[in-house]
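Subject: Structure for your files

Hello,

Please find the structure below, with the sequence alongside.

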Amino acid sequence: MADVTTHPPAEDARSDDDLLHAIAAGDERALRVLYERHAPWLAVRLRRLMAASAVEDVLQETFLAVWRGATSYRQTGDVGAWIWGISRRQAASWARKHDRPALALDLLGERPGREPDPADEVIRRNEIGRALAAAGPAGSTNRRIARKALVEDRPLADIADDMDMPVGTVKSRLHRIRKTLQAFREKEAES
Amino acid sequence: MSEHPHLPPDVTEEELAMLDVNLERPWHGVMGEVWSRPVGPVERLARKAFGSAALARVLVVSPLMILAWIIASALVFALGVVVTQATEQPLIPLLAPALAAVGVAYAYGAGADVAFEISRTMPVSSRMILLVRMTVVFAICTVLGGVASLFAPAIGGVTALWLLPMVAISMLGLAVATLTGLPALGGGVALLVWSGIVMQPVLEARREDAAAPVDLGTVVSESALMDHAPLYLAATVVCGAIVMWNNGAFGRPQEDARWHWR
Amino acid sequence: MALAVKTRTQNTNPGHIGVDLRGVGHRYGRTTVLQDIDLQTGPGVFGLLGPNGAGKTTLLRILATVLKPAHGDVALLGRATKDAHDLREIRRRLGYLPQQFGFYPNFTVFEFIEYFALLKKMPPNRVRAAVATAIERVGLEDRARSKMKSLSGGMLRRVGIAQAIVNEPELLLLDEPTVGLDPEQRVIFRTLLREMAETSAVFVSTHLVEDVAAACSEVMLMDDGSLIFHGTAHDLVALGQNDDLPGDSPIERGYGAVLAGNRERR
């Protein structure tokens, strides 16, 4: 019973940036296109961390935030990363509500300054600080990689470039860092 | 989707294929929030007071449904203020019951008319809905009348006792409306009866003394209202029972509608 | 399009889905509009066919608890329709679209459906998502915030369907739902019906025989207040194999044959 769709979502060729501009102007169809493009992979990432129904809740909050916050998007060229940032915040919020502080920790890298509560800021900075400290001593390669990947949320290629290391090496280091952080989280959860 | 050009490097096609998340549900949740208006404080309070989100919504949308009546009443009261100041007859307490009766009949008709058949299949009883709508009419009428009274204080003071005839006459109109299925008739009968009540002492005074000044306010004087209070109360109770019975209370089976709208 | 498999929320009520009418009859004044209706069904989509005045609307109104029949027993969704509590429980799980319904002109599409979702006593925190779902299922996403008075006849009909399905009813009653819908919309509507067939009992009254053939598991033919045929669409088609019968398609011919047969007998 759909009315004539001039932009069937699957065929919409607009770029993510164009879509966000349209969304900021109130275009619901653009939101749908963005949703179809990004919700699946967001769901995969979130599903690694939480149950399916929780993923659904977080996705809802995420795209609601996208709808409401489209005007505040500053052209970074990577809409996916922006949405993932929102998603992470929503997931962390979910984790805090459902008494899973370890998971909230896992979702480090929320860009400070987006959340309006200053008290949260301090707590988060501490969390980030502690986690980075667990990754390696100050100035060490591991800590620097951890900061770039988890705090600054940079893609692998960029980090490899910065550190002047092959992508494969960065990838395996990151893998080991994640394991270290996991152990660290588990210890924190116990205490 | 077979191609996913927007996939980040860490997400594989296999993981997508195995995903057990319902992706339509969050979307509907988003659009539900986008398309709706947030619930206002009045409605939230009403939800707690009534213990029913449905009745709270009925309360909040009622003024919208009877907007025509609200505007008309405001105008009539305004006119009443002007005339009262000119003639010194206490029109406001006389107008209030009449306007309320019309409002109740109108609300009944508007509510019953629109989506009538569908409303009868709802688990929320139509009696409760009617009650909420009536309360809205009385509240608005009281407020409008109160405001009008500020500008046209009646001789002998205005008491809140005119609420009694207001409720009684409205109930009478509603009873007629539900029995006949004709809200307009209900409103008309109520107006007629009220006019009769108002004019009766005037006509009697005239009969005794042809030159007596017309004092429309006899019926709404404090003493008259106190004297007639039991009568008004009795009328309210009886008519209320008729309305309830006709709408299926006291075990009476719901009859088919004897009247059809448009 | 589908992003992922739609998982319908299953109703948790373990009660029986279906209707049970025994000896149901009704009259308006001295005209008998229904006589001796016996009908037992489970879940599925049931088409109600018949000429005007056959009693289809009256039967639907009885099923919708709008009308109490003059005689006979009515049980819906495994409950009797005698006491107020049972009626309330049935009505929570019921959806009804009458042939004509008025609407509040200044309500938006969303507000209208939301109003009835609330009156159906849906849990308030689920209402908005459910209304959005219903709006999308009838294809009115573009008009969700439009005022009802700005809608065409077909769109109004779809709003009517949406309010009927918003609570995912176990008993769905639709009186001429496809009036004003274009062929593409009717196809999508039939898909909607088929989706509901497993978890609900859906009764569709229509004079469009093709609608019935495409979507209904069972067909009932009414004439002059009686149920003169109850079988599958297939059965009806089988009765229409003779090309000499009036009608443009086998099912139309079958329909005509049954009607003619019934009238001869009277």
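Asp224(C) counts as partly exposed because it has 18 C-beta neighbours inside 10 Å; the scale calls a residue buried if 20 or more other C-beta atoms lie within 10 Å of its own, exposed if 12 or fewer, and partly exposed in between, with C-beta atoms placed from the backbone. Its place is the loop between β9 (218-223) and β10 (226-231) of chain C; helices (H or I, at least four residues) and strands (E, at least two) are DSSP runs, numbered from the N terminus. Asp224(C) is not a glycine, yet it has a positive phi of about 55°.

Thr65(C) also has a positive phi, of about 65°, without being a glycine. This residue sits in the loop between α1 (56-63) and β4 (71-76) of chain C. Thr65(C) is buried, with 24 other C-beta atoms within 10 Å.

A word on provenance. This is a predicted model, in which local features need pLDDT of at least 70 and side-chain atom pairs count only at pLDDT 80 or more, while totals for chains, interfaces and linings use all residues. Residues are numbered from 1 along each chain as its sequence is written, and chains are lettered from A and ligands numbered from 1 in the order in which they are written.

Confidence in chain A

The mean pLDDT (the predictor's confidence in each residue, from 0 to 100) of chain A is 80, and 82% of its residues score at least 70. Within chain A, helix α3 (residues 52-69) has the highest confidence, at 96, and helix α6 (residues 118-135) the lowest, at a mean of 67. Residues 1-7 of chain A have a pLDDT below 50, and this stretch has eleven contacts in the model beyond near neighbours in sequence; two residues are in contact if their C-beta atoms, placed from the backbone, lie within 7 Å. Residues 110-118 of chain A also stay under 50, with 13 contacts beyond four places in sequence.

Chains A and B

Chain A has nine helices and zero strands. Of its 191 residues, 35% are buried. Among contacts in chain A with a separation of 6 or more, 49% join residues 24 or more positions apart.

Chain B comes to eleven helices and zero strands. Buried residues make up 41% of its 262 residues. For chain B, 73% of the contacts with a separation of 6 or more are between residues 24 or more positions apart.

One residue of chain B to look at is Ser73(B), in helix α5 (residues 67-87). Ser73(B) counts as buried because it has 25 C-beta neighbours inside 10 Å. Leaving aside neighbours within four places in sequence, Ser73(B) is in contact with Leu99(B), Gly103(B), Cys141(B) and Leu144(B). From Ser73(B) to Asp209(B) it is 136 residues in sequence and 35 Å in space, C-alpha to C-alpha.

Where B meets C

The contact takes 34 residues from chain B and 38 residues from chain C. On the chain B side, the elements that give two or more residues are α2, α4 (53-65) and α7 (116-119). The largest share, seven residues, comes from α2(B). The chain B side divides into 19 nonpolar, seven polar and eight charged residues; Ala, Val, Leu, Ile, Met, Phe, Trp, Tyr, Cys and Pro count as nonpolar, Asp, Glu, Lys and Arg as charged, and the others, Gly among them, as polar.

Helix α2 (residues 24-35) of chain B packs on helix α4 (residues 124-137) of chain C at an angle of about 100°, with the axes 7 Å apart. Axes are lines fitted to C-alpha atoms, for helices over the stretch in contact, and angles run from 0 to 180 degrees between N-to-C directions. The two helices, α2(B) and α4(C), are therefore roughly perpendicular, the class for 65 to 115 degrees. Residues in this contact include His28(B), Met31(B) and Trp35(B) from α2(B), and Arg128(C), Val131(C) and Glu136(C) from α4(C). The residues of this helix contact divide into five nonpolar, four polar and three charged.

Nonpolar cores

A nonpolar core is a set of buried Ala, Val, Leu, Ile, Met, Phe, Trp, Tyr and Cys residues joined through C-beta atoms within 7 Å. The largest has 188 residues, and those with the most contacts inside it include Ile23(A), Leu172(B) and Val131(C). Helix α6 (residues 91-113) of chain B gives the most to this core, 15 residues. A second, separate core of ten residues includes Leu132(A), Ala146(A), Val170(A) and Ile177(A).

Regards

Notes:
Parallel < 35°, antiparallel > 145°, perpendicular 65-115°, else oblique.
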